[in-house]
Amino acid sequence: MDAAAPTPGKEVLNIPVKKVRTLHEIKKHTSIYLFISPFYILFLVFGLFPILFSLFLSLQSWDGLDTMKFIGFKNFQMLLQDGDFWQAVGNTFTIWFEQTIIMLFLSLVIAFLLNSAFVKLRSVWRFTYFLPNVTSLVAQTVLFYIFFSPKYGTIDYFIQKAGVAPIDWLNSNFWLQISIAIIGIWRWTGYNALIYLAGLQSIPDELYEAAKIDGATTTQSFFRITIPILRPIVLFTVIMSTIGGMQIFTEPQILTGGNGGPGGGGMTMVLYLYNQAFSNHLFGYASAIAWVLFIIILIFSLVNSLIIRRLSSK
Amino acid sequence: MSTVDTKGFSLSKVFLYIGLLIWLVFSVFPFYWMIVTASRGTSSIFSYPPHLTFGSDLVVNTQHLLANIPFFRSMLNSVFVSGSITLLHLFFCSLAGFAFAKYEFPAKKQLFYLMLATMMVPGQLGLVPSFIIMKTFHWVNTYYALIIPGAASAFGIFWLKQFSESTIHDDLLNAGRIDGCGNFRLYYHVALPIMRPTLTAFGIFSFMGSWNDYLWPLIILNDPVRYTIQVTLSSLNGIYFKDYGMVMAGTLYATIPLLVLFAIFSNKLMGAVTVGAIKS
């Protein structure tokens, strides 16, 4: 270890210096580089290399056993005409949208309710609202299968009692997507509500009092104080739910037995990728899918961050 | 907000509590239903109208479960895999987080931003080649493939760096240096004890995360004896869907450890989640 390092960490100058000095600095901090190295080594081997390798694979035809055959951009050409794939892209965005909108709305409402000054036993509410997030997604989906199950489903029982016609949850594309969204909503609404609640509670009371003295109405202080402070937090949760939403796999895989349901409405992007790679053994094709997905997610994130920048500059 | 009347009875209060209660029922009902179905035979689960109370078949369902699959073996497998990931993850992330927070060294900024940038790369991009790498390492159907890639994460390093920056004071480190401590001893004897509360929260976080991992273990493991609990649960659901009481008993037992863990550490965990979101 670097026992002879007398320079206290924070005092090293940030001025650009000569190469000799830099080399000396690097040498002096050998152990520090060692401290941070595990992540970079793991990323090289299990992160960067697979990505580059998948670019190479996407130009091959390979079932994982025989020799690879270079086929140029044929995989990508096939993919552009693959209706099932584009349906999966559409499905994923639909599910993400339904889930995110409803979840955002509900968790904001819950956060505001919980933030009211007279709510008692706040920690009990918080605890129960967080519970859904603690179950594993697999266990949750297996359980929710009973709720949605076609003839004897629990939800259908209750809505029939309320006088509504039963819904064929898992056999129509629309309701299958709603079912998947409901699983996500159950899982994440409380979680996000607690994040918003923490945001609301970080606003000091003095701010509202000062606004009141200045003659602001409750509505005004809501739009001028509460919303601006909450906005970045909401955006953070939207980003998180986008990252998660683009990767939806477990729910449709278990609800539909992996085939995306009778109308294919539950086929998501990652489930499609998984099936092509590990059921059909089309490794080259699956790699092409991975890259197209990456580009789609990238464009989507860029659009997302553009919107965020516009919103936060307001 | 302090403008609201905090005492006495009012209509808005009633509405507020009704609203909160509705979501409470939504949150808790599935857990209740899990126990109801785990304690009933399949015909009784799918009977119409459904039975809303506990049955008496939990023992039978449990016996079926244990007779058909190595259920508790899967639980142990998951404990082993998630435990190993958590320990390695805590060690490597705290080490790197400490280094980034408390040292200035050439290319620090670049390395840090490079690390953050890797968080943007979606995991499934390398799914196929990662599997091929594991094949060439002969790691398919082993726990190395599950544990090693998850031993350090950008997210964890970032989190622990943020924490170390404000809580580990330079004076302490300098005092250690005067006593002749090397960097690793500074980490081990000065930084680590200060980081302990965060490490607990972060450790539970990583444990739960890897406990719930499904896609990657599903790809890597092909021997039922080595399945993690999530893979077992899903295969149970696929194969024995006619014995739903048994499947639900399995689901119940697989959920209990996490609930217990959460019950013990709930404040730490919820605190960590919300603080992380507010700060970033």
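Buried residues are those under 20% relative accessible area, exposed residues those over 50%, and partly exposed residues those in between (1.4 Å probe, protein chains only). The model is predicted, so local features need pLDDT of at least 70 and side-chain atom pairs count only at pLDDT 80 or more, while totals for chains, interfaces and linings use all residues. Residues are numbered from 1 along each chain as its sequence is written, chains are lettered from A and ligands numbered from 1 in the order in which they are written, and side-chain values use heavy atoms, with hydrogens and water left out.

**View 1. The salt bridge between K102(B) and D170(B).** A salt bridge is a side-chain nitrogen of Lys or Arg within 4 Å of a carboxyl oxygen of Asp or Glu. In this pair the closest N and O atoms are 3.4 Å apart. K102(B) belongs to helix α4 (residues 71-102) of chain B and D170(B) to helix α9 (residues 170-178) of chain B, so the bridge ties together parts that are 68 residues apart in sequence. Helices (H or I, at least four residues) are DSSP runs, numbered from the N terminus. K102(B) is buried at 4% relative accessibility, whereas D170(B) is partly exposed at 26%.

**View 2. The salt bridge between K161(B) and E165(B).** The N to O distance is 3.1 Å. Both residues lie in helix α8 (residues 154-167) of chain B, 4 residues apart, about one turn of the helix. An α-helix has 3.6 residues a turn, so residues three or four places apart point the same way. K161(B) is buried, with a relative accessibility of 11%; E165(B), at 33%, is partly exposed.

**View 3. The salt bridge between E104(B) and K108(B).** Here the side chains meet at 3.3 Å, N to O. Both E104(B) and K108(B) are buried. Over all chains, the count comes to 4 salt bridges.

**View 4. Cysteines C93(B) and C181(B).** C93(B) is buried, with a relative accessible area of 0%, and C181(B) is buried at 14% relative accessibility. A disulfide is a pair of cysteine sulfur atoms within 2.5 Å. By this rule the count is 0 disulfides over all chains.

**View 5. Helix α4 of chain A and its N-terminal cap.** Helix α4 (residues 83-115) of chain A has 33 residues, which should span 48 Å at 1.5 Å a residue, and its end C-alpha atoms are 48 Å apart, in agreement. The expected span is 1.5 Å times one less than the number of residues. D82(A) caps the N-terminal end, with a side-chain oxygen 3.1 Å from the backbone nitrogen of D84(A).

**View 6. S107(A) in helix α4 of chain A.** S107(A) is buried, with a relative accessible area of 0%. A polar atom of its side chain lies 2.5 Å from the backbone oxygen of M103(A). Leaving aside neighbours within four places in sequence, S107(A) is in contact (heavy atoms within 4.5 Å) with T189(A), N192(A), A193(A) and Y196(A).

**View 7. N75(A) in helix α3 (residues 74-80) of chain A.** N75(A) is buried at 4% relative accessible area. Leaving aside neighbours within four places in sequence, its contacts include L57(A), S58(A), L59(A) and Q60(A), together with G284(A), Y285(A) and A288(A). Chain A is divided into domain 1 (17-57) and domain 2 (76-313), with bounds from an automatic or database domain assignment. The C-alpha centres of these two domains of chain A lie 36 Å apart.

Definitions and conventions: Helices (H or I, at least four residues) and strands (E, at least two) are DSSP runs, numbered from the N terminus. A polar contact is a pair of N or O atoms within 3.5 Å; within protein, one must be able to donate a hydrogen and the other to accept it, and residues adjacent in sequence count only if both atoms are side-chain atoms.
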